[in-house]
Amino acid sequence: MEFSEDDCRGHPRREEAVALLLQRFAYKAKLAAHNTSLVNRLFGLTAGEPWCHRASRPFGKPHLPAYRVIVGTYGGECVSAACFRHVPPPRRGSASQAFTELLLLAVGNDHERLGFATATVSAVKRSCALAGSAELVVVSNGHHFWRRDQLAFELTHEPTAGGNTTDFSKLSKEIFVPWSHGISLLRCAITAEHAAAAPVEQAAAAAAAMAAQLNAATAALGGGGAGGGGTPRVGSACRGRLLDAKAFSRKAGDDDGGGGGGGRMRAPRSLAER
């Protein structure tokens, strides 16, 4: 497994990243228009300002070009994508106020539970460290993936039990929250150790090894693993479904796609009409 990073609008595999994100975040009829518009705006494919529910106002155009994407590939195929931005400290602030906001994380339907998501998060953390961020903040739909001890995230904000809305009134960071319901925020401290390439390489190698084993197993069963010198593809045995904010009952060891965002979301009518 290999990773490449660039800004969302200039990444050479932009179209593949967009297709993968839409596969995971625009598969429900209620969310398709909203999330398609969001992804297209982040990647510069359409104009307009998405709505920020935390601030109750449009998210300014100057912020959108700051978003970057890490694309994970396996056997030449795009298997994961993470969309994020590095936020520098205020002009008179300290370096400890710099942070990174991870907005979208997705793994392809055919590549779930193989460690690709975990390896991609490691790559994002390395980018955070190299950019000087003190912490990584995840905008999540409550997906159980982020509760894994291995990822070392702590929950800072979560929805209320009744209205399924989240109180961001005491949040000092300018976090972009493009969804109205079921949103949690989690944080992870970034240290110098995250800048090392070795942990990312180890996680990527482990994911690739798991995929190769599954390919071999499915091929042995006649299930269409890697074949004849072509691109290795994971068979349908690893396919799963994206979990929403209510699906916490499954074990925390799973490695599903669509870990960031993608929960029960409602866009304001003004946004849907833009």
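Accessible areas here come from the Shrake-Rupley method with a 1.4 Å probe; for residues, only the protein chains shown count as cover. By that method the chain exposes about 12300 Å². Carbon and sulfur atoms supply 51% of this area.

This is a predicted model: local features need pLDDT of at least 70, side-chain atom pairs count only at pLDDT 80 or more, and totals for chains, interfaces and linings use all residues. Residues are numbered from 1 along each chain as its sequence is written, and side-chain values use heavy atoms, with hydrogens and water left out.

**Overall layout**

The chain has five helices and nine strands. Helices (H or I, at least four residues) and strands (E, at least two) are DSSP runs, numbered from the N terminus. Their order is β-α-α-β-β-β-β-β-α-β-β-β-α-α. Of the 274 residues, 49% are buried. Buried means under 20% relative accessible area, exposed over 50%, and partly exposed in between (1.4 Å probe, protein chains only). Contact means heavy atoms within 4.5 Å. Among contacts between residues at least 6 apart in sequence, 74% join residues at least 24 apart.

**Nonpolar cores**

A nonpolar core is a set of buried Ala, Val, Leu, Ile, Met, Phe, Trp, Tyr and Cys residues joined through side-chain atoms within 4.5 Å. In soluble globular proteins, nonpolar side chains tend to be buried together. The largest core has 34 residues; L21, L42, F43, Y67, L103, L104 and I175 have the most contacts inside it.

The largest share, five residues, comes from α1. L21 touches A26, V39, F43, A81, L104 and A106, not counting residues up to four places away in sequence. Apart from this core lies another, of 33 residues, with V124, L136, F145 and V200 among them.

**Helix α4**

Helix α4 covers residues 198-220, 23 residues in total. The expected span of a helix is 1.5 Å times one less than its number of residues. For α4 that gives 33 Å, and its end C-alpha atoms are 33 Å apart, so the two agree. Its buried residues are V200, A203, A204, A207, A208, A211, N215 and T218. Their cover includes β1 (2-7), β4 and α3 (116-131).

P199 also lies in α4. P199 is partly exposed, with a relative accessible area of 39%. Its C-alpha atom is 9.0 Å from that of R126, 73 residues away along the chain. Just after α4, G222 takes a positive phi of about 75°.
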